[in-house]
Amino acid sequence: MRLTEFFHRVFLVDLIKGLRLTFSYQRPSAVYTEQYPLERPRVAERYRGVPRLNCHPATGETLCIACNLCSLACPENLIVVGWTRTEDRKKRLTTFTYDLSRCMFCGLCEDACPVDALELTQDFELAHYSREDMIWDRQALEAGPRPTRYTR
Amino acid sequence: MTAMVHIAIEFIQAHPLVLALIKILIVFTVLMGIVAYLVYMERKVLSFMQARLGPMRVGPWGLLQPVADGIKLLLKEDIIPAGADKFLFLLAPAISITVALTVFAVIPFAGNFYVSDINIGLLFILGVSSLGIYGTILGGWSSNSHYPLLGALRASAQLVSYEVAAGMALVGVLLISNSLSMVEIVNRQMQMGVWNVFVQPVAFVIYLIAAVAETNRSPFDLPEAESELTAGFHTEYSGFRFAIYFVAEYTNMVVVSCIAVTMFLGGWLQPFSNIRAFDSLRFAPIVACLGTAVFVLWLGLKGLVPLERYFFIGLAVTCVLMAGLVAIPVVLSAIQGVFWFSAKVLVFLYAFIWYRATFPRYRYDQLMNVSWRWMIPIGLANVIVTAIIRYSMSPHVPAAPVAGLGG
């Protein structure tokens with residue numbers, strides 16, 4: 001035992017092990033850096049980013065039934081749902097305001113939605129020039145995130 | 001035209017100093033380029049070992065980063081601290097760089113390409129390079145600041161300790177090669193048919209470690225330990241003077257690599273030149289050019305920016321053309337020496353960066369232990385054993401004529 005330890009020290013075995021480890025990290029697949037503007041980062045599957053109000057893919061009508069549950073679920077009270085009653089006393093969505101400047105992306109609104117109309121998407125580019133720009137109306141929410149394309 | 005060439009040749013023959021000046025100019029220019037891109041290589045290799053990409057934004061794959069760094073350092077304000085000893089403060093970086101560059105005067109890059117071949121070459125290198133420590137000590141002392149002073153103190157003790165160990169290692173080689181001339185040492189390895197590293201493996205390892213310590217590189221970078229001493233001896237330096245210290249450090253890396261290659265790895269000699277099977281190594285320069293072309297092409301195809309892609313494809317084509325040029329027999333035999341020398345030096349430079357990526361910095365007492373308790377005794381034992389074997393094998397070989405000094 002002592003002898004092997006002695007030879008380990010004489011031939012610098014531990015140092016060589018370390019050198020081998022760092023050398024192996026030079027393989028191209030080990031690179032973790034994302035060159036952000038040039039390539040999109042890979043966000044997690046359940047990442048909660050920019051909100052979107054989903055429309056029916058075929059008809060283009062909003063899926064939202066104006067039940068107001070998201071607004072009630074929101075801890076920050078930043079969602080305001082506006083509606084009117086039709087003749088048969090059904091609720092109909094008119095306006096939808098979402099204040100992104102106060103949102104903490106907890107996802108409770110998304111969970112509360114009974115029809116999967118409100119969704120926090122994978123997009124993350126949220127910079128705006130003013131606070132007013134960060135209050136999104138129904139139109140912006142239905143259009144959904146528009147990720148910036150960087151091309152040279 | 002031919003008349004002009006004749007006149008030029010006659011002029012150079014009449015004035016040998018002109019030829020030396022031309023050689024110095026070539027060596028200096030190439031060296032500065034190498035040093036600039038050594039910084040780039042260090043940042044790249046280091047970042048790959050740390051799963052990063054390193055500089056990518058200035059030019060294709062960050063290739064223009066050294067230029068940008070140089071311009072930035074030139075444009076920065078040159079600060080001299082209020083309480084500094086102004087003369088020494090200005091002198092110190094100059095000492096560092098001058099000493100580092102002077103050593104190249106005696107290093108043979110190829111069998112027929114060296115600035116000068118003096119018969120005390122190794123002694124000259126040891127003498128001059130130990131002056132380089134004055135640049136560090138004076139720079140630290142004259143700054144009139146705590147951190148630089150501590151860095152300088154550490155540097156003085158460290159460099160003195162490791163100079164001894166490196167000297168011991170080199171003495172072992174001297175005993176075998178019987179000469180102090182760098183060219184003669186390489187020629188001797190050619191005659192023996194075996195490189196000194198196989199005859200003196202212990203000395204080689206000791207020199208390898210001592211060389212890292214002497215250049216203040218990690219894991220022995222205590223004089224500039226940034227986590228402890230801000231930036232060590234050059235804390236107070238900025239702008240161009242800092243750049244000079246930086247260049248001096250990297251030049252020193254090249255210097256110790258060159259010495260190690262000359263002393264232990266057969267300088268400009270082709271590996272295994274006395275074995276028939278390895279004769280085809282002569283074509284290594286062509287393979288190197290083509291390999292670079294393939295690598296560059298791969299980079300280009302992976303590139304995300306169209307302009308960079310074209311640049312890399314162009315570069316690959318240039319490399320292929322270079323391979324074609326090198327394949328001409330005359331050129332191939334002409335560049336053999338320089339190619340093998342620079343290939344070996346490159347391996348050493350890579351190893352320096354590799355160590356930096358791998359080993360954490362030594363504590364100060366550990367640093368002293370490694371030198372005084374291990375490397376110097378082992379080096380001394382190596383010298384004694386080598387001397388005994390050398391004497392018992394051929395007791396009557398006369399000492400190498402160190403003439404020329406007296407006549």
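## Ground rules

Residues count from 1 along each chain as its sequence is written, while chains are lettered from A and ligands numbered from 1 in the order in which they are written. Since we're looking at a prediction, local features need pLDDT of at least 70 and side-chain atom pairs count only at pLDDT 80 or more, but totals for chains, interfaces and linings use all residues.

## The sheet in chain A

Chain A has an open, antiparallel sheet of three strands, ordered β2-β3-β5. (Strands are DSSP runs of E, at least two residues, numbered from the N terminus; two of them pair if DSSP finds at least two bridges between them.) At the edges sit β2 (79-85) and β5 (135-136), each pairing on one side only.

Seven bridges tie β2(A) to β3(A), residues 91-99. Look for V81(A), which stands opposite F96(A) in β3(A).

## Domains in chain B

Chain B is split into domain 1 (30-75), domain 2 (79-269 + 328-393) and domain 3 (285-326), with bounds from an automatic or database assignment. The C-alpha centres of domains 2 and 3 of chain B are 34 Å apart.

## The cores

A nonpolar core is a set of buried Ala, Val, Leu, Ile, Met, Phe, Trp, Tyr and Cys residues joined through C-beta atoms within 7 Å; buried means 20 or more other C-beta atoms within 10 Å of a residue's own, with C-beta atoms placed from the backbone. The largest core has 89 residues, and I206(B) and Y207(B) are among those touching the most other members. Domains 1 and 2 of chain B each supply at least three residues.

A second, separate core of 16 residues includes C64(A) and F96(A).

How values were computed:
Helices (H or I, at least four residues) and strands (E, at least two) are DSSP runs, numbered from the N terminus. A residue is buried if 20 or more other C-beta atoms lie within 10 Å of its own, exposed if 12 or fewer, and partly exposed in between; C-beta atoms are placed from the backbone.
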